[in-house]
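Here is a short report on one protein model.

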Amino acid sequence: MKNPYLLLLDEPCQGLARSQQKAFQQLTDAIAAISDLTIVYVTHQAEQLPSCIQHTLHLPVGFLKHSFLHGKNF
């Protein structure tokens, strides 16, 4: 499939050096900028999130604690 609707990234920066994490964030942002792709990005480290991620869910101990859309709590 050449043009998927969904890109699921589960801990994609785990074990990468900081410089490689930044490069991956930039690549993810570039992909998001040129497509209508929905990106689901799973991480335990908020600083690893690319800037294109607009909606976050925080699930401590498996329960929804916070949900943010464009930086606003809802």
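## Fold and core

From the N terminus, the elements run β-α-β-β-β-β. That amounts to one helix and five strands. Helices (H or I, at least four residues) and strands (E, at least two) are DSSP runs, numbered from the N terminus.

The model is predicted: local features need pLDDT of at least 70, side-chain atom pairs count only at pLDDT 80 or more, and totals for chains, interfaces and linings use all residues. Residues are numbered from 1 along each chain as its sequence is written, and side-chain values use heavy atoms, without hydrogens and water.

Whole-protein values come next.

| Property | Value |
|---|---|
| Buried share of the 74 residues | 20% |
| Share of contacts with a separation of 6 or more that join residues 24 or more positions apart | 38% |

Buried means under 20% relative accessible area, exposed over 50%, partly exposed in between (1.4 Å probe, protein chains only). Contact means heavy atoms within 4.5 Å.

The largest nonpolar core holds six residues: Leu9, Cys13, Leu37, Ile39, Tyr41 and Ile53. Such a core is a set of buried Ala, Val, Leu, Ile, Met, Phe, Trp, Tyr and Cys residues joined through side-chain atoms within 4.5 Å. Leaving out residues up to four places away in sequence, Cys13 touches Gln21, Phe24, Tyr41 and Gln48.

Phe68 sits in strand S4, residues 66–69. Its relative accessible area is 24%, so Phe68 counts as partly exposed. Phe68 and His55 lie 13 residues apart in sequence, yet 5.5 Å apart in space, C-alpha to C-alpha.
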